[in-house]
Amino acid sequence: MASELKNLSIYTETGIAKQNPDKPYRIGIAVSEWNQEITSNLASGAIETLKKYGYSDDDIVLRSVPGSFELPLGAIYLIENQNCDAVICLGCVIQGDTKHFDYVCSGVTQGIMDVNTRYATPVAFGLLTTNNQQQAIDRAGGRLGNKGTEAAAAALKMLTLKNEVL
């Protein structure tokens with residue numbers, strides 16, 4: 001969680017799955033088109049992190065979904081149809097005047113968890129759930145780092161764990 005004390009882009013490199021030339025990994029990124037000025041920055045952070053660990057454009061499958069609520073199904077499509085070894089889900093939901101925020105955030109959270117357990121495939125949660133636009137900017141490459149970077153690191157760490165225990 002990003003706060004004044006924790007920057008999203010700072011993580012330990014222990015357990016990061018670097019690209020394996022003998023058995024290349026495919027990493028999917030499902031990114032929401034809603035709040036695109038934020039989600040495009042999240043996607044850039046994720047891609048930059050993957051490239052830092054040896055992944056090329058050919059190893060990364062980037063697909064858009066209309067909104068954050070569609071992220072879990074986007075992840076399923078990437079796993080089932082693009083043979084992705086891990087998926088990074090990126091979206092942004094900003095609090096409004098209605099309860100819609102609560103339902104979307106809850107549904108996406110549960111949906112991503114369900115995909116993780118149903119497929120036993122790492123599916124990283126890169127969903128910003130903020131009170132306002134400024135909080136989203138701060139967490140999408142702003143003063144608190146980039147949640148896309150954090151989600152990519154989490155996906156690669158879980159891919160390492162999967163390969164160690166299976």
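**Labels and the values behind them**

Q: What makes the contact between aspartate 138 and arginine 143 a salt bridge?
A: In this predicted model, the side chains of aspartate 138 and arginine 143 come to 3.3 Å, N to O. The cut-off is 4 Å between a side-chain nitrogen of Lys or Arg and a carboxyl oxygen of Asp or Glu, so the pair qualifies.

Q: Why is aspartate 138 called buried?
A: Its relative accessible area is 8%. Buried means under 20%, so aspartate 138 falls in that class.

Q: How many salt bridges are there by this rule?
A: The count comes to three. Besides the pair of aspartate 138 and arginine 143, aspartate 57 is bridged to lysine 51, and lysine 147 to glutamate 150.

Q: What makes the contact of aspartate 57 with lysine 51 a salt bridge, and how is each residue classed, exposed or partly exposed?
A: The closest N and O atoms of aspartate 57 and lysine 51 are 2.7 Å apart, and the limit is 4 Å, so the contact counts. Aspartate 57 has a relative accessible area of 55%, and exposed means over 50%, so aspartate 57 is exposed.

Q: Where do lysine 147 and glutamate 150 lie, and what makes them a salt bridge?
A: Both are in helix H5 (residues 147–165), three residues apart, about one turn of the helix. An α-helix has 3.6 residues a turn, so residues three or four places apart point the same way. The N to O distance between the side chains of lysine 147 and glutamate 150 is 2.7 Å, which is set against a limit of 4 Å, so the label holds.

Q: How do you know that the whole structure has zero disulfides?
A: A search of the whole structure finds zero. The limit for a pair of cysteine sulfur atoms is 2.5 Å. The sulfur of cysteine 89 is 11 Å from the closest cysteine sulfur, in cysteine 84, so that distance is too far for a bond. For cysteine 92 the closest cysteine sulfur is in cysteine 105, at 9.2 Å, which is also too far for a bond.

Q: Why are cysteine 89 and cysteine 92 called buried?
A: Cysteine 89 has 1% relative accessibility, and cysteine 92 has a relative accessible area of 0%. Buried means under 20%, so the label applies to each.

Q: What makes strand S3 (residues 86–94) mostly covered, and which strands are joined to S3?
A: Eight of the nine residues in S3 are buried. Five bridges join S3 to strand S1 (residues 27–32), and these two run parallel. Eight bridges join S3 to strand S4 (residues 123–130), again parallel. Glycine 28 stands opposite valine 87 in S3, and leucine 90 opposite glycine 126 in S4. From S3 the chain crosses through helix H3 (residues 100–119) to S4, a right-handed β-α-β crossover.

Q: How do you know that the span of helix H2 (residues 71–82) is close to the expected value?
A: H2 has twelve residues and reaches 15 Å from first to last C-alpha; at 1.5 Å a residue, 16 Å is expected. Buried residues of H2 include Leu71, Ile76 and Leu78, and the buried residues pack against S1, strand S2 (60–65), S3, H3 and S4.

Q: Why is glutamine 95 called partly exposed, and where does glutamine 95 lie?
A: Glutamine 95 has 30% relative accessibility, a value between the 20% and 50% cut-offs, so the label is partly exposed. Glutamine 95 is in the loop between S3 and H3. Its C-alpha is 7.5 Å from that of threonine 129, 34 residues apart along the chain.

Methods
Residues are numbered from 1 along each chain as its sequence is written. This is a predicted model: local features need pLDDT of at least 70, side-chain atom pairs count only at pLDDT 80 or more; totals for chains, interfaces and linings use all residues. Side-chain values use heavy atoms; hydrogens and water are left out. Buried means under 20% relative accessible area, exposed over 50%, partly exposed in between (1.4 Å probe, protein chains only). Helices (H or I, at least four residues) and strands (E, at least two) are DSSP runs, numbered from the N terminus. Two strands pair if DSSP finds at least two bridges between them. A crossover is right-handed if, with the strands pointing away from the viewer, the path from the first strand over the helix to the second runs clockwise. The expected span of a helix is 1.5 Å times one less than its number of residues. Contact means heavy atoms within 4.5 Å.
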